[in-house]
Amino acid sequence: MGGSALLSMLNSCSPLPVLKTSSKESTLSIPEASFAENQNLLIIKNANYEFDILLVKKKDNTYNALYMQCTHESQPLSATKSGLFCSSHGSAFSLDGEVTTQPATRPLKKFKTQTENNQIIIHLTT
Amino acid sequence: MILLTCFSSNAQVITREDSLNAGLTPQNNPTVISGYGQAKVQYDLRFQTGTANLTRNVLFIGHRFSNRISFFSEMELEDAKVVGGKASGEISMEQLFLKFNINRNNYLVAGLFIPRIGIINENHLPTTFNTNDRPYVEQLVIPSTWRELGVGVYGQIPKIPGLNYSAALMNGLNSGGFVQGTGIADGKFEGSNATASNLAITGALLYYVNHFRVQVSSYYGGSAGLSQKQGDSLKLDYGAFGTPVALNEANVQYNGTNGIHCKALACFVSIKDADRINVAYANNTPSSMYGYYAEVGYNLFQPFTRLNSKSLLLFARYEAMNLNASLPKNGIEDGLQQKQFFIAGLHFQPLKGVSVKLDYVQRITGEYNKLLYVTNPYASNIPFYTTYQFINLGIGYSF
């Protein structure tokens with residue numbers, strides 16, 4: 001295995017940052033500064049939601065907010081830098097929420113996001 | 001959960017999207033229905049005969065009691081019908097368990113469930129594998145949809161993204177049911193009056209990293225759920241892990257964004273008291289079996305952006321197994337149990353959840369041992385060949 005491949009694999013082993021929120025509002029407000037430099041994934045835990053939300057910072061500085069519930073059998077998804085995976089039946093999703101491996105057939109629930117005053121607003125009702 | 005339609009307690013029909021948006025909350029009290037199935041026509045190139053079969057139809061029913069407790073069940077009808085008193089299909093529960101969420105990363109299951117062993121065992125929907133038949137190694141060495149009654153714990157390790165684990169305690173096997181040629185498959189209980197005095201433990205580690213899915217799993221269980229008197233009489237070790245069967249397996253899959261798909265699996269089964277099983281039951285149980293396969297495929301639609309919602313996978317697979325890799329002194333070798341399969345084909349998916357499959361299968365075995373088979377002396381008896389070729393055309397779906 002090449003050195004770069006090994007480095008890539010080791011990088012992918014580091015835990016993803018987690019942000020806990022307790023807001024009961026229909027929106028979540030996440031500071032943009034929550035993303036460390038060179039970090040594009042953030043797991044958001046909210047006690048009012050059964051599953052976590054994966055916030056993905058895209059290259060154009062917009063965001064995907066993906067509900068980490070497999071659309072196949074509602075199992076929790078495992079998030080990595082190369083996508084989201086369901087350990088139960090092997091479904092996989094891209095960081096855009098699209099199905100990359102079946103049996104899931106539908107994309108992940110994606111919440112609308114917008115950026116205001118250095119805050120990422122996630123609209124949970126969408 | 002997979003949802004086609006969803007029936008609440010007041011018979012209101014809500015769609016998948018409604019359920020998803022509602023988060024399947026207990027207030028909705030949702031009961032869900034779904035399913036999968038497959039059918040195929042097979043043409044035997046040697047004898048120039050064909051068979052057509054509705055291989056299976058599986059009905060899934062689930063119910064969410066609360067955010068923490070859910071019910072899952074799958075009822076399967078194989079070969080289209082079950083007729084009293086005749087050789088025909090089979091109807092059985094493929095799964096039936098309660099799931100208890102411990103927290104967001106861990107859950108328990110209790111009931112009849114499929115442990116994480118191999119690829120197909122847990123992920124057996126026909127839209128997820130390319131051939132009309134499930135991989136033969138995962139039918140004959142690792143039993144297909146191998147379910148037993150027990151308790152399992154599943155989860156992920158947040159500190160290592162992509163790393164998942166599972167462990168389960170379930171009823172063991174019945175070595176008296178082992179049949180030469182089907183490995184340990186006919187020793188399964190599948191939830192039907194299983195002996196619970198012999199147990200099995202299984203565990204698996206599953207890791208997703210850079211488009212690879214890597215898994216290792218093990219199984220160790222007793223195969224003699226006998227009373228002391230029966231065990232002593234048959235000279236078999238009884239108790240929780242008496243007359244043990246051990247299975248170890250590893251597999252890796254690659255699903256790249258470049259249209260290339262690969263998978264490989266290897267497994268080894270050890271039955272250390274095979275000699276005593278043969279004395280007790282005269283079923284020619286081997287001391288060990290192994291099998292492996294590797295498959296590579298490429299999505300021919302990958303270069304065409306406008307065909308992104310469809311796929312046409314060209315694939316090839318090689319499988320090999322030896323169901324009597326080693327035999328006890330009282331075992332009888334049979335070359336028929338050494339098998340190789342060369343498979344190539346096309347798997348077309350007009351959309352996710354629907355499959356049309358065309359494949360060619362060449363099966364090569366060793367010579368059968370005439371001492372083991374009582375053959376019909378009539379002239380119409382079909383001669384034995386070591387090589388057969390088949391063409392399979394089929395459909396599959398899951399929703």
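Predicted model: local features only at pLDDT ≥ 70, side-chain atom pairs only at ≥ 80, totals over all residues.

Colleague: How is a pair of aromatic rings described?

Modeller: By the distance of the centres and the angle of the planes. Rings of Phe, Tyr and Trp (its six-membered ring) pair if their centres lie within 6.5 Å; planes under 30 degrees apart are stacked, over 60 edge-to-face, and the rest tilted. Over all chains, a search of the whole structure gives 22 aromatic pairs. Take Tyr49(A) and Tyr67(A): their ring centres are 6.2 Å apart and their planes at 85 degrees, so this pair is edge-to-face.

Colleague: Where in the chain do Tyr49(A) and Tyr67(A) lie?

Modeller: Tyr49(A) is in the loop between β3 (41–46) and β4 (53–57) of chain A, and Tyr67(A) is in strand β5 (residues 63–67), 18 residues apart. Strands here are DSSP runs of E, at least two residues, and helices are runs of H or I, at least four, numbered from the N terminus. Ring pairs also join Tyr49(A), Phe51(A), Tyr67(A) and Phe111(A) into a cluster.

Colleague: Is Tyr67(A) buried or exposed?

Modeller: Buried means under 20% relative accessible area, exposed over 50%, and partly exposed in between (1.4 Å probe, protein chains only). Tyr67(A), at 7%, counts as buried, whereas Tyr49(A), at 25%, is partly exposed.

Colleague: What lies over the face of Tyr385(B)?

Modeller: A charge sits over a ring if NZ of Lys or CZ of Arg is within 6 Å of the ring centre and within 35 degrees of the ring normal. For Tyr385(B) that residue is Arg46(B), at 3.8 Å from the ring centre.

Colleague: How many residues of chain B are in contact with chain A?

Modeller: Contact means heavy atoms within 4.5 Å. By that rule, 42 residues of chain B touch 40 residues of chain A. Buried area is the accessible area (1.4 Å probe) that two parts lose on being put together, summed over both. Chains B and A bury about 3500 Å² between them, 46% of it on carbon and sulfur atoms.

Colleague: How many salt bridges cross the interface of chain B and chain A?

Modeller: A salt bridge is a side-chain nitrogen of Lys or Arg within 4 Å of a carboxyl oxygen of Asp or Glu. Two are found across this interface. In one of them, Asp52(A) pairs with Arg104(B), the closest N and O atoms being 2.6 Å apart. Asp52(A) lies in the loop between β3 and β4 of chain A and Arg104(B) in the loop between β6 and β7 (106–113) of chain B, so the pair joins two chains. Asp52(A) is buried at 7%, while Arg104(B) is partly exposed at 21%.

Colleague: Which residue forms a salt bridge with Arg317(B)?

Modeller: Glu295(B), with the closest N and O atoms 2.7 Å apart. Both Arg317(B) and Glu295(B) are buried.

Technical notes: Residues numbered from 1 in each chain as written. Chains lettered and ligands numbered in written order. Heavy atoms only, no water.
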